[in-house]
Amino acid sequence: MEKVLRSFFLFLSKSKFLTKMAKKYGLRFGASRFVAGETIEEAVQKIKELNDKGLAVTVDYLGEFVDTEEEANNHTNHCLETIEAIGREKLDAQLSLKLTSLGLDISEETVMNNMERIMAKAKENDVFITIDMEDHTRCEKTLDIFKRLKQKYGNIGTVLQAYLYRTEKDLNDLNEYAPNLRLVKGAYKEPAEVAFPDKKDVDENYKKIIATHLENGHYTAVATHDDQIIDFTKKFVQEKGIKRDQFEFQMLYGIRPEKQLELVKEGYKMRVYVPFGTDWYGYFMRRLAERPANVAFVFKGIFRK
Ligand code: FAD
């Protein structure tokens, strides 16, 4: 049943029609549990509350699969505005972004121009940028762009997904760039030709890449809600004498908030991924796909905004 629901929500997440409807009618169906608001003002307020509790943040202006220059330009402007707000309000926050929202599917020139604008503003405001990883068809291009920007700017990182067969090799290829990487299990529906279909294999590969990246001496963000992986990381760093300033844990806004605070109390760096904006629909559907138990919140949310 869980598998069926997962496929169903991932299928829904791709609906352009429902994405448009969601934008038109605003945050609904309990989405505000996972999305920090539709405006930058709402997001800043939520980030301040998290910072006050000792939680660092990476903020994401929601949007993906943009197919016109105008939309890509618009999205870039929102990213610039977000970076300015982080600087102005002195937030303990970074920015996460998706290259498809900046024109990756339009042309290389478009996405590079937009990324250059963002990196210039990020440098000015001393804000770190993470390029999220999307589905496997965009992985190669995303890594190429990351490598090009990393040669020019220090304040940029990206994401590798444990479910892809290629990830171990990607990790080795990236080693010479001394990258700051967020390591995740992977959130998209991928075919067995490119990704481990079995969760057990994903978890094993996840532990392997966490260990490799930490042992290579590079900054590692372990982004998971899975106790088994969190405990593995804690044990591994202790055994290898890896200092706490070489890694952090990351979780999504609204998921396991009590565990987030527990990790802060234990003295670990904990960063919360805080999405905001009107384009919340695809992100929300992927969260439901990950944990169909969250659907209960949706039914409660239908009657509230
Ligand atoms: P799962 O296998 O989903 O869950 C394992 C266990 O964790 C569960 O059995 C349960 O014990 C516990 N758990 C999970 N959810 C809950 C909950 N709601 N309440 C209580 N317990 C729970 N994916 C990408 O593809 N690209 C990205 O760029 C990307 N960026 C991310 C950034 C961050 C900060 C995070 C946290 C995730 C990101 N992801 C990204 C999503 C990621 O790939 C996974 O889809 C997502 O994190 C779910 O996997 P999991 O590691 O939490 O473990």
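1. The buried residues of helix α8 are V202, D203, N205, Y206, K207, I209, I210, A211, H213 and L214. Buried means under 20% relative accessible area, exposed means over 50%, and partly exposed lies in between (1.4 Å probe, protein chains only). What covers these α8 residues includes α7, β5, β6 (220-223), α9 (227-240) and β7 (247-252). Contact here means heavy atoms within 4.5 Å. Helices (H or I, at least four residues) and strands (E, at least two) are DSSP runs, numbered from the N terminus.

2. A word on the source. This is a predicted model, in which local features need pLDDT of at least 70 and side-chain atom pairs count only at pLDDT 80 or more, while totals for chains, interfaces and linings use all residues. Residues are numbered from 1 along each chain as its sequence is written, and side-chain values use heavy atoms, with hydrogens and water left out.

3. The length of α8 checks out. Its 17 residues should span 24 Å at 1.5 Å a residue, and the end C-alpha atoms are 24 Å apart, which agrees. The expected span is 1.5 Å times one less than the number of residues. Just after α8, G217 takes a positive phi of about 90 degrees.

4. Look at I209 within α8 (residues 199-215). Its relative accessibility is 1%, so I209 counts as buried. I209 touches A162, T167, L171 and L183, leaving aside residues up to four places away in sequence. A162 is 47 residues from I209 along the chain, yet their C-alpha atoms are separated by 7.4 Å.

5. Now the whole chain. It has 12 helices and 8 strands. Of its 305 residues, 55% count as buried. Take the contacts between residues at least 6 apart in sequence: 73% of them join residues at least 24 apart.

6. Helix α3 (residues 40-52) passes the length check too. Its 13 residues should span 18 Å at 1.5 Å a residue; the end C-alpha atoms are 18 Å apart, which agrees. I40, A43, V44, I47, L50 and N51 are buried in α3. Seen down the axis of α3, the buried residues fall within an arc of 125 degrees, so they line one face of the helix. That arc is taken over the directions from the helix axis to the C-beta atoms. E41 and D52 are exposed on the other side of α3.

7. What lies over that buried face? The cover of the buried α3 residues includes β1 (56-61), α4 (69-88), β2 and β8 (270-276). Just after α3, G54 has a positive phi of about 90 degrees.

8. Which residues touch the most other members of the largest nonpolar core? They are L97, L99, M115 and I129, in a core of 76 residues. A nonpolar core is a set of buried Ala, Val, Leu, Ile, Met, Phe, Trp, Tyr and Cys residues joined through side-chain atoms within 4.5 Å. I129 touches I83, L95, L97, M115, I118, M119, A122, N155, I156 and G157, not counting residues up to four places away in sequence. Apart from this core lies another, of 16 residues, with L10, F34, I255 and L288 among them.

9. The annotation comes from a record. The unreviewed UniProt entry marks K98, R286 and R287 as "binding site". UniProt positions are given in the numbering used here, feature names are shortened, and annotations may be inferred rather than shown by experiment. K98 lies in the loop between β2 (93-97) and α5 (108-125). K98 counts as buried because its relative accessibility is 7%. R286 is found in helix α11 (residues 281-290). At 6% relative accessibility, R286 is buried as well.

10. Two backbone angles deserve a look. Most residues other than glycine have a negative phi. D126 has a positive phi of about 55 degrees although it is not a glycine. D126 sits in the loop between α5 and β3 (129-131) and is exposed, at 72% relative accessibility. A178, also not a glycine, has a positive phi near 45 degrees. A178 is found in the loop between α7 (167-174) and β5 (181-184). With a relative accessible area of 43%, A178 is partly exposed.

11. How many disulfides are there? The count is 0, taking a disulfide as a pair of cysteine sulfur atoms within 2.5 Å. C79 is buried, with a relative accessible area of 1%. C139 is buried at 2% relative accessibility.
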